[in-house]
Amino acid sequence: MIDKSRPAPIGRVVATELKPATPHQFHFWTAVETSIGIGAIVKVEEGVGRVVYGVVTDGFAYSDLQTPLHDVVGAEGDPVRAAESPTVRQEIRLWTAAVLRQVPEEPLQPVPLARVFVATDADVAQALRMDTYLTGAQPTGIPVGLYTSGGLEAPVYLDADFLLGPEAAHLNLSGVSGLATKTSAVEFLLASIFEHFPKHKGRVAAVCFNVKGPDLCFLDQPGALTDEDLRRYERLGVAPRPFERVRYFAPYKGDGVNLNTLRTHPDLVSDVEPLVWGLAEVLDFAEVLLNRDDIDAKADAFIDFLADRVLNREFDDPLAGRHRVETFADLDRLFRSIFDALELSGRGDMWRTHHVATIRKVRNRLSNVSTRCKGLVTDDGPASDLPWGRFEDRAVYVVDIANVDPLGQDLVFARVVSRLREGLERRELGVDAVVVFVDELNKYAPADGPDTYVKKMLLDISERGRYLGLVLFGAEQFRSQVHRRVVGNAGSQIYGRMDMDELATPAYQVLSPATKIKLATLPVGELMVRHPHFTQPIFVRFPRPPVLRGRDGVERFAPAADLPFAEAVARQLWRLDRAVRPNTVRDLVDGRDEQDVRRALAETRRRRPDDVLAYFRKVLGSRVAPDAARERAAVPPLGAITDEPY
Amino acid sequence: MARAWIEALLAAGVTPATFVPDASQGRFDQEPVERAAADVLEDAELATHAVSGAAGPPPAAFLDGIQQWRVVGYDGVVPIVRAYVAAAVRRRGVDKRLRTALEAAREFAVAPLAALGGEQRAALEAHIDVVDLPDLAPSQPGPVLEAARRAVDGARQTLERALAERALRLLGEREWLIVDGLLSVSGKLAAHPRALGVIKSFGTQFFEGEALRRALTLAMGQRTSVFRARGGHARNDVYSWYLRLWPWEGNDLLYGLLRIEARAAEETIAAAGGVSSWLLGERAPVSTPDARWDRLLYPIHDVETYLRSRAPRDFLPASGSRLPRTGT
Ligand SMILES: Nc1ncnc2c1ncn2[C@@H]1O[C@H](COP(=O)(O)OP(=O)(O)OP(=O)(O)O)[C@@H](O)[C@H]1O
Ligand SMILES: [Mg+2]
């Protein structure tokens, strides 16, 4: 704890013609033994009047030795004797500090050649301009970590208005794998946000895309915390508890019944909900299918035609005949009828103003989706989706796409982010702000590489999200290799342990060599934070996240092996109704077409009837009725990624 | 240089001046050149002894002084000098760092009072402690400045002596006091069992012929026999010997040569070898960039640096040119 009782100066500002004090930088010396280090916050004060706060960015030690040769001469070339010399030379600890804040701010003047003190709690708040948002009628501070220096520590807060909009928004985290604690920092910060999100800003939720193994699969389970962690939680005013409301969504595997996630341990799998979309959902995002390689207005028009005129309607065509298209299989039947009819009639290459080549192309793309994203896209049956419109306050929605094909990931990002945006725009999502966490931006928003839909979505959030309350928390190993408008729009940045080569790139030129060294050797649990209110980067420590680490999670809750088809169906029905007997289900399913079974299962899950087994049996016998024709909620098109400056 | 007394002088009609004589910055390092007697005590005649390898030193404190002066005005042709002398004792801790234990400083004016006009003299005496230069024949400034130099030198020595005597009372049981310069200037210093004078100038000639040759051509790490230094300017009897810190061949005869003074007592003869051994150890760290680094022990250099850093800044020669000033 910082003791305010008897402040004694720890140093003094010095200035020479070569190293003058300026309004933005100054130098000071301290005793050789000092608690000051790189990143320490200091206060310069002499009498009343001007007070300057600074952060130490560099340190120098030297003695009165004029040239190294003289040391050799004195020791007669023998290092052992050098250590034995009876007097140690006069030496200095000289520090360079960057100005964080001057009080008064006007007129802006060089730092006075005055006494230097270590900063107290109150000084840290002043220095980082936190006083402007920690006090007042509606404080907006979100604890991010503890500033620690020489046994003294003070909580550091981010301003919710600048972290989560509307003033600024988005957070970018970078640092090397395993040591930078990027994922951990996001988990802690989400806990902190949920606890400290200001009342007047309303309801908040998080949507986390799990893109790496079991990373985010155990957010509802407590993690191991040390006493030191608990002390930090206490000091930061955050409860060391896992998230209370977490919902997991994962597509099926190729078999359509086993979930494609690592959260399949029998104790936990029950709260993983399948993420399954049908033809309608896919057609809404036709752009995703087409934008990968080409932009084709004709294909677009044809997809629009399918969505508006064919899907879920009685469609009667003089050439192709009567069709009701609800599924991919139905659609393929229509396509085949069209091709056959065109061939038979010899009436050329056009069908209803659409060229046969365009039709073939769209057919290829769609069948591509249904094969590559089997498990996410069902060929039949109803969809199962995030609870649009019913998002809960302080809830985390984990969407597990770690093992999904890139095309499927594109589709999930596109659909989830678009729906979030629409929901927030129309204020009908259920919450006022959503944090979207996307890890591995090096993969999803690389500086170069193809313009995937994921990248477009990330750019869209980055550039337009803050007015809507749609906030991106993105993490990556190499910030310099992420699209510059994605990182550039992040109002706040967190750096964990950094790679030296990365630090050598031009983006880090503003950091002093000492700060870079500190970043390259940063211990686990310490972060460098940049935030609009802080004029200089600040180092903070944070506790381990309050949740079970992914890799500990898969050890404690080992994923279950995939079940045989009939078994998996039985298990899912049993989850709806504990009275369901596996043997009965096995007998029912035996010999039936798997597609029919999946459809019946999905329908049963959707309806949640009182008598699960009876309903399932009934549906299995008949064809499932589709939803009534619905409004098409197509994505507003996004502009192509351009190089316009942000 | 907004000193009240200088303002008062100027008001009394003294012509302002800023003249920093060449010899005024350092202390005057030349011993008065004279012959002195020496009785060799350790051997039958002055011999050389190899000093055993550099030993770790006992606890020690170091004393040095500085002096600075400049002409601040002329009453007619009579210079008025402003002077500053200071001395300090810095003690070496177990961490091998030096810390100030004692220090004293004095600022004063020097002038031949009788030669000043009445008003000017009154203005001077009213504002500052003045050291008079009596009995000076009226002359050009040269001889007055030489007399002023001696007066400042004397004031520095007096300050050093007083400080040294205070330091002796503070010394720990095994602690030594090492003084830059003659030990024989003070009876108390000269009588103390653990006080050493380290002399790095050779104005006094104790030997001649073969003995002189031996003394001045010591090889590195050698010392002479202990001898009694008698007469000359020495006011108190001390024992003494020469010690070579660095090889002089290829440099100069006096390069790395020290003369050590210690108490005139039997024990000094027995201790000379041991003392020389740890003094040899004081070669490192070398006290560059001082030009006298071959003979200037680093701790003494450190005391001097300390004193200079505390001295008034306006004694230093102005960095600008001496061209006539323009404007107001
Ligand atoms: N505050 C903390 N103090 C100490 N250790 C921590 C802290 N936070 C996280 N850790 C540990 O650091 C390790 C790495 O954390 P994390 O997985 O968050 O890193 P990452 O940067 O996301 O790595 P990757 O790039 O591989 O995803 C974990 O073992 C975690 O337990
Ligand atoms: Mg991670």
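This is a short tour of a predicted model, stop by stop.

**Before you start**

Residues are numbered from 1 along each chain as its sequence is written, while chains are lettered from A and ligands numbered from 1 in the order in which they are written. Because the model is predicted, local features need pLDDT of at least 70 and side-chain atom pairs count only at pLDDT 80 or more, while totals for chains, interfaces and linings use all residues; side-chain values use heavy atoms, with hydrogens and water left out.

**Stop 1: chain A as a whole**

Select chain A. Its C-alpha trace spans about 105 × 60 × 55 Å along the principal axes. Look for 23 helices and 22 strands. These are DSSP runs, numbered from the N terminus: helices are H or I with at least four residues, strands are E with at least two. Of the 646 residues in chain A, 54% are buried. Buried means under 20% relative accessible area, exposed over 50%, and partly exposed in between (1.4 Å probe, protein chains only).

**Stop 2: the barrel**

Stay in chain A. Six strands close into a barrel here, in the order 1-2-5-4-3-6, with antiparallel pairing. Two strands pair if DSSP finds at least two bridges between them. Now select strand 1 (residues 11-14) and strand 2 (residues 25-30) of chain A; they are joined over four bridges in the antiparallel sense. Which residue stands opposite A:G11 in strand 2 of chain A? It is A:T30.

**Stop 3: ligand 1**

Select ligand 1 and show its shell. It holds 17 residues, and the closest are A:S177, A:K182, A:S184, A:K212 and A:R549. A residue is near a molecule or strand if one of its heavy atoms lies within 4 Å of it. The shell has six nonpolar, six polar and five charged residues. For this count, Ala, Val, Leu, Ile, Met, Phe, Trp, Tyr, Cys and Pro are nonpolar, Asp, Glu, Lys and Arg are charged, and the others, Gly among them, are polar. Helix 6 (residues 182-196) of chain A gives the most to this shell, with three residues.

- A:R549: a polar side-chain atom lies 2.4 Å away.
- A:K182: a side-chain N or O atom is 2.6 Å away.
- A:G178: a backbone N or O atom lies 2.8 Å away.

**Stop 4**

Pick A:V412 in helix 13 (residues 406-425) of chain A. Is A:V412 buried or exposed? It counts as buried because its relative accessibility is 0%.

Go to A:V72 in helix 1 (residues 68-74) of chain A. A:V72 is partly exposed, at 44% relative accessible area.

Then find A:E153 in strand 8 (residues 152-159) of chain A. A:E153 is buried, at 8% relative accessibility. Its side chain makes a polar contact with the side chain of A:R231, at 2.7 Å. A polar contact is a pair of N or O atoms within 3.5 Å; within protein, one must be able to donate a hydrogen and the other to accept it, and residues adjacent in sequence count only if both atoms are side-chain atoms.

**Stop 5: strand 5 of chain B**

Switch to chain B and select strand 5 (residues 60-75). Of its 16 residues, 15 are buried, so strand 5 of chain B is largely enclosed by the rest of the structure.

- Strand 6 (residues 78-92) of chain B: antiparallel, over 14 bridges. B:W69 stands opposite B:A83.
- Strand 9 (residues 176-180) of chain B: parallel, over four bridges. B:L63 stands opposite B:V179.
- Strand 1 (residues 15-19) of chain B: antiparallel, over three bridges.
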